Protein chains: 2
Amino acid sequence: MSVSGPAGPRSAVGQASLRRTNLATVLQAVCRSPEPPSRADLAGRLTITRATAARLVDELVAGGLLDEVDPVVPRRGRPARLLLPGERIAGLGLLAEADRVVARVTSLRGDLLAHAERGVDLVALGVSGGLDAVRAVAAEAVAAVPAARLVGAALAVPGVVADGRTLVRAPNLDWSDVDLVAALGPVAGTGPLLEVGNEADLAAAAIVEQVPGRVGPWPDFLYVSGRRGVGGAVVSRGEVVLGEHGGAGEIGHVCVDPAGPPCPCGSQGCLERYAALEPLARAAGVAPADLPDVAARALAGEASARRAVDELAWALSVALGSVVNVVGISTVVLGGHLATLAPLLRQDLQDRLAARVLGARWAPVEVHAADDSPASPADGAARRVLRHVVADPGALF
Amino acid sequence: MSVSGPAGPRSAVGQASLRRTNLATVLQAVCRSPEPPSRADLAGRLTITRATAARLVDELVAGGLLDEVDPVVPRRGRPARLLLPGERIAGLGLLAEADRVVARVTSLRGDLLAHAERGVDLVALGVSGGLDAVRAVAAEAVAAVPAARLVGAALAVPGVVADGRTLVRAPNLDWSDVDLVAALGPVAGTGPLLEVGNEADLAAAAIVEQVPGRVGPWPDFLYVSGRRGVGGAVVSRGEVVLGEHGGAGEIGHVCVDPAGPPCPCGSQGCLERYAALEPLARAAGVAPADLPDVAARALAGEASARRAVDELAWALSVALGSVVNVVGISTVVLGGHLATLAPLLRQDLQDRLAARVLGARWAPVEVHAADDSPASPADGAARRVLRHVVADPGALF
DNA sequence: AGAATATGTTTGACGGTAGAACTTAAGAGC
DNA sequence: GCTCTTAAGTTCTACCGTCAAACATATTCT
């Protein structure tokens, strides 16, 4: 048995809780499985009897959390009834950014069921009007999938979120100290928000689990995403690290040079001053919108572009080297415009990190590019909703 | 129910596991309780029936994991039989440093039962001779408490430990790539080591739980300990963060200034180059052994001492500011010689961090001094052993 | 001494999983 | 086309742990 920490359960468990736990275990096993398993498969993997596996599966099927399908490839013996995560169970993920609102409905099976998007100026609209826009886009997405059973909604915002509900400060939105769960209220028939999260944290959550309940190739990584600013997240053991109050992951404000350029955050020489879109484009001598050009120009050998990429790699290596030394995670995933530049950066950054990271000799730092999209935070938010289902399907009965 | 992550149990649980879980829950509740609880107290707190609580308690008492004591203050009603963690259940904590070996036996109740120490030159002795010394000191401590039931041993070393057993590199010991669990073998009748850990990580573990199973005032903190080098640990939700391979917590090698003095680690401007004993003493113009003088001199207004403390506060603020922004933990605990200087540093460091930390406005960073001793890592190692007991007491039956 | 009060114990009921025998539905071989 | 083999799923009983409620016990308060 693994040693779990001192944060043990505050209350003991009876048989009811045992069944609930096992329902979750079975659902998780189905979600995790790359191929749809049968009841007998589950019994074998979870070391329970076929009788018990069948009992639990039947209950999940009755609740719509699992779907039964017939096998396609014939085999000897009685054919199995294969199990898939319920395709009608779905979560609503919302994203509010400065210039647009996105709503996405994702099924427990990992399929995108609906997408709605609207360009709006949330700065001009303010909190009240902005949340009206969020409600409207959410309703649009939900209306597109009347058959889905929505189990909840979560919202991604570009700012620091405390305790999973209060937006403390979103510089680009110019919103501050809003309890978004209370302010938004029930959303499109899914009840109040289950969670409010930072944009980058939720984008990272979408990378962790491409499919609900199935952790992808990187259970531990540092996510660094560049856009207007530089956001990030620390993912450890398949979990986004939120910190004491939810303010973790601000990799953009790791100090690269204490004598560096001043940052609006009040500090000096933050990574964001080197890696955000605007300083980067300026260093390369292009307009921010033309950033993809930098890659081409650098490859073509243009000096200013090459210098800009070099300095970016340097700044990233100083900041990430420090972070890797502290959190002991040796996979870095670049997102946003940093993903665009990743082909140019990767090798250089890895080499620099090898020199800066204490444990690089036996655990070399690997740099990867995320295939994230502008809608990733919304997907991550939807994934967060479905996480509740996978963690405790019994709550839906 | 709280949402646990996707790292769910690989196998479902039956009633046997249910009982085992509940045994752990009861023992944890007793350990956590500041006052010894009765069976009825436990039933109330854990929301189980008195019948079940009694059943579980009886089993733990029979196994020696709980002791019964009579209440001292009389109360109305039938007097309760109060429960304490078993005083004869004990863990052996070992510490191997460059110039000495320490062994400490700690009871489940948190009492120090035995201490043995020997000054030896582990660099000169090498791995084989050094481990002989460790075995000898361990035997000495164990012999002092014949009544104790030792449930295992753990070892703290001043270096990077991978996967809880292999010492990858200990600069001050000049040991490398040793599987210490295999190399040390069974220790003083307690069987092979349950765990090998980094010195600073284990010192932090001792701070987390002053008493086994009871998390102290800081469930989340950054530990920074200065001595020959600068070690550290990240503690999150009562757990020391080990990282992917066990190499986390190297706060000493966070970059303070990319143009700073070169560090033996191969990087430049690491925190260790500012905050370790030797550079600090040199900056203050004293011999390393006279460091406590620096505090007195700085208080007396001596310029070089004041400058040294100022620069230390600056370097710590740059490094810790970055770390706090990433891990979202707003308590810093200083150990080693940094604890000695804490009275001078505290306010200045807090003020500087307030300016550097993004979330400082709603979650101010607090700096504290640890009351750690040179033997703390050994205590932490012993605590680690007892953790296994608290996590799964059923394993001892 | 008796009432009040709270702890701890006993008893039977309930619920969930384990184990083993049984049923079902296919392919394989003749 | 029949039987044999294989494997999935189902049924039934046994076992075990917790729950609920009544009971016994040991003290203080009146």
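The surface near DNA strand C comprises 10 nonpolar, 9 polar and 9 charged residues. Here Ala, Val, Leu, Ile, Met, Phe, Trp, Tyr, Cys and Pro count as nonpolar, Asp, Glu, Lys and Arg as charged, and the others, Gly among them, as polar. The model is predicted: local features need pLDDT of at least 70 and side-chain atom pairs count only at pLDDT 80 or more, while totals for chains, interfaces and linings use all residues. Residues are numbered from 1 along each chain as its sequence is written, and chains are lettered from A and ligands numbered from 1 in the order in which they are written.

DNA strand C is surrounded by 28 residues, the closest being B:Gly14, B:Arg39, B:Ala51, B:Gly77 and B:Arg78; a residue is near a strand if its C-beta atom, placed from the backbone, lies within 6 Å of it. Two or more residues each are given to this surface by H1 and H3 of chain A and by helix H2 (39–46) and H3 of chain B. Helices (H or I, at least four residues) and strands (E, at least two) are DSSP runs, numbered from the N terminus. H1(A) provides the largest share of the surface near DNA strand C, with 5 residues.

Around DNA strand D there are 28 residues, of which A:Gly14, A:Arg39, A:Ala51, A:Gly77 and B:Arg78 are the closest. The elements that give two or more residues here are helix H2 (39–46) and helix H3 (50–62) of chain A, with helix H1 (15–32) and helix H3 (50–62) of chain B. The largest share, 5 residues, is that of H1(B).

Between the chains, 72 residues of chain A are in contact with 72 residues of chain B, contact being defined by C-beta atoms, placed from the backbone, that lie within 7 Å. On the side of chain A that touches chain B, H10(A) gives the most, with 7 residues. By class, this side of chain A has 36 nonpolar, 26 polar and 10 charged residues. The copies meet through the same surface, because 100% of the interface residues of chain A are also interface residues in chain B.

Chain A contains 12 helices and 15 strands. Buried residues make up 54% of its 397 residues; a residue is buried if 20 or more other C-beta atoms lie within 10 Å of its own, exposed if 12 or fewer, and partly exposed in between, with C-beta atoms placed from the backbone. The largest nonpolar core has 270 residues, and those with the most contacts inside it are A:Leu92, A:Leu94, B:Leu92, B:Leu94 and B:Leu155.

A:Thr47 lies in the loop between H2 and H3 of chain A and is exposed, with 11 other C-beta atoms within 10 Å. B:Asp174 is in the loop between strand E8 (166–170) and strand E9 (175–179) of chain B and is partly exposed, with 14 other C-beta atoms within 10 Å.

Notes
Two residues are in contact if their C-beta atoms, placed from the backbone, lie within 7 Å. A nonpolar core is a set of buried Ala, Val, Leu, Ile, Met, Phe, Trp, Tyr and Cys residues joined through C-beta atoms within 7 Å.
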